[in-house]
Amino acid sequence: MTTMSRRAFLRSSGVGVGLGLAGGCAPAMKGDFAPKRGPRVVVIGGGWGGATAAKYVRLGDPAIEVILLEPNKQFVSCPLSNLVLSGVRSIDSLTFGYRGLRSHGVRIIHEAATAIEPDTKRVRVGEGYLQYDRLIVSPGIEFQTEQIAGLAEAGDQVLHAWKAGPQTVELARRLQAMPDGGVFVLTIPPIAYRCPPGPYERTCQVAWYLKHNKPRSKLIVLDANQNIVSKTGLFRAAWRDYPNIDYRASSKVVKVDTGAREVTTEFGDRVKYDVVNVIPPQRAGTIAVQADLVGADKRWCQVDHVTYESVKHKAVHVIGDSTIGLPVPKSGTVANAMGKICANAVVHLIGGKQPPAMPPVNVCYSWVSDKEAMAVINAYRIEGGKVVQIEQKLTPGQSQAFGQNALGWARSIWNDILG
Amino acid sequence: MTNRGRTLVGLAGLALILAIAAPASTGPKDPGYAKAFSCSACHGWDGASRADTVPVLAGMPAWYLKKAIQDYASGKRPAAEMEPYAKMVLELGVDDVANYFARQPKPAPLAADPAAVERGRVAAAPCAVCHGTTGKGDPAKGVPDLTGQPAGYLRNQMLLFKADKRSPGEPTLSAVKALMKTIPDAQYADLAAYFASQR
């Protein structure tokens, strides 16, 4: 944090859609700054879902113009970013440019969408707007900071590191700087949140690091859920190697006090920390809330299971972690799958054809040490217009071979999204 | 060489380049294109895997991919990461998916250490009995094409054969499994590098 201002830090952390415009937008972006000359798809958000969708619309029909709105100039992979905390990987090894998408003819504008106008089929960008035939919204998640007392006031003193980037690097630095004997506290929000097994993988990575570097330290995990929510048996087995983990279920954190360096659970238990990592409760990205794409819960977006069109607004499709109602986890693989299925549906709809009913897929690898991983695999079908699960399978334990497969998966899917 | 001869050689070369560059694929209009989304996160939309442990499906003969999917789905070829997807592909239509990938152009092999490739070429004689000198295989005998598959994937399969973890107990594979036990572990990577480098 020595070379980056707080504002720049927050912006690159992806906190708050719209901050990307804080520095002012290009003077040319006023009115209809890119008049539409043919069929056009605008994609909001260049993460796992949006970048995939942008590419696959172009693959499906090169006659369709695709404009991707993404404030960040680089893509940082959340999957594998827990390995940055343990020092096993660098953030640079998870950081990629958008050049591959440009080679598919995707036009990328590094600005944030500020509003959606479904009635006029316009996306607001600063003082201007873009017209669309179909809009794909892939805004990811935003944190419900207000659900934990003291969290908003704490600012960068309390990190989430749940959007890979500068916060990941800074949390790794704090972990490394913690004295041997220090206590690291990780708090897990109630489901639904991005990447169900992610907090438990993080538990493994922090514990692995402490075991090898700070043997007198311990990791206290305060989980708002009643039990490990994903790959329960596999994580329990993995944790046998880490007696430094103190896992406490049904321990929802409701307050953080940076002065006293302690967090408080809903039952009033106070837990002191040397380094804290609060993963706050989450909802769909801000633009989805502002555009009235979220349901009665005001958190997540309901969509058609075949086309990913919003149930609330026509010609607006929502994909990725901000969706709810499908029996799928909020995972990178699912966002990637939704991106291509939605893109294909959009190509069909623009061409006046019936979209095929394609189910998504899921695999979530979790790294339990520097070399070993395990996974959960889900297959689905479409029944009566809805996604239903055919099967869920776990790897038989953890191994270095699954670690190799996890790396193969990562390299492949990054290429599928951006290559 | 005469001018005409040079032209013929040139045209033959051009035809070869076109044959590699222009596949007989209809891309998104192919009935297997969208069905292959079930595979593309790992294998690429066109089957051109760029990861060392993930097999290339592009240009894979349809009969072999179909067999692999059926074996994964039935559990005959045990693989936790493949079984659910194989069942999905059977539901969606394995013929469409297999034909789609068979029509995609094979990517250029991943970079390999030339010394390892050469050591592998020398050591590959026992493999050539069934797979042919360059590893092209023999569809009539159900022997798969090894050429251009990533070295990490080939090596992993050899290790699975050796430990009888790939199609355990399958009688038609007893010879290859016996052969694998005679090959020193250190040589697996060389053999894999050799077949990976072939087209």
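This is a predicted model: local features need pLDDT of at least 70, side-chain atom pairs count only at pLDDT 80 or more; totals for chains, interfaces and linings use all residues.
On the domain 1 side 28 residues take part in the contact, and on the domain 2 side 29 residues do.

How much area do domain 1 and domain 2 of chain A bury between them? It comes to about 2500 Å², with 61% of that on carbon and sulfur atoms.

Chain B has a domain 1 running over 25–102 and a domain 2 running over 114–197. Between the centres of these two domains of chain B, again over C-alpha atoms, there are 21 Å.

Where the two parts of chain B touch, twelve residues of domain 1 meet 17 residues of domain 2. Together, domain 1 and domain 2 of chain B bury about 1200 Å², and carbon and sulfur atoms supply 55% of that area.

## Helices 3 and 4 of chain B

Now for a pair of helices. Helix 3 of chain B spans residues 62–74 and helix 4 of chain B spans residues 83–92. Their axes come within 7 Å and cross at roughly 120°, so helix 3 and helix 4 of chain B are oblique to each other. As for handedness, the crossing of helix 3 and helix 4 of chain B is left-handed.

Which residues make this contact? Helix 3 of chain B brings Ile69(B), Gln70(B), Tyr72(B) and Ala73(B), and helix 4 of chain B answers with Glu83(B), Ala86(B), Lys87(B), Val89(B) and Leu90(B). Sorted by class, the contact of helix 3 with helix 4 of chain B has six nonpolar residues, one polar and two charged.

## Helices 8 and 10 of chain B

Further along chain B, take helix 8 (residues 151–162) and helix 10 (residues 185–197). The axes of these two helices of chain B come within 8 Å, crossing at roughly 135°, and helix 8 and helix 10 of chain B are therefore oblique to each other. Helix 8 of chain B goes past helix 10 of chain B in a right-handed crossing.

From helix 8 of chain B, the residues in the contact include Leu154(B), Arg155(B), Met158(B) and Leu159(B). Among their partners in helix 10 of chain B are Asp185(B), Tyr188(B), Leu191(B) and Phe195(B). The contact of helix 8 with helix 10 of chain B counts eleven nonpolar residues, three charged ones and no polar ones.

Methods: Residues are numbered from 1 along each chain as its sequence is written. Chains are lettered from A and ligands numbered from 1 in the order in which they are written. Side-chain values use heavy atoms; hydrogens and water are left out. Axes are lines fitted to C-alpha atoms, for helices over the stretch in contact, and angles run from 0 to 180 degrees between N-to-C directions. Helices (H or I, at least four residues) and strands (E, at least two) are DSSP runs, numbered from the N terminus. Angles under 35 degrees count as roughly parallel, over 145 as roughly antiparallel, 65 to 115 as roughly perpendicular and the rest as oblique. A crossing is left-handed if the near helix is turned anticlockwise from the far one by less than a right angle, and right-handed if clockwise. Contact means heavy atoms within 4.5 Å. Ala, Val, Leu, Ile, Met, Phe, Trp, Tyr, Cys and Pro count as nonpolar, Asp, Glu, Lys and Arg as charged, and the others, Gly among them, as polar. Domain bounds come from an automatic or database domain assignment. Buried area is the accessible area (1.4 Å probe) that two parts lose on being put together, summed over both.
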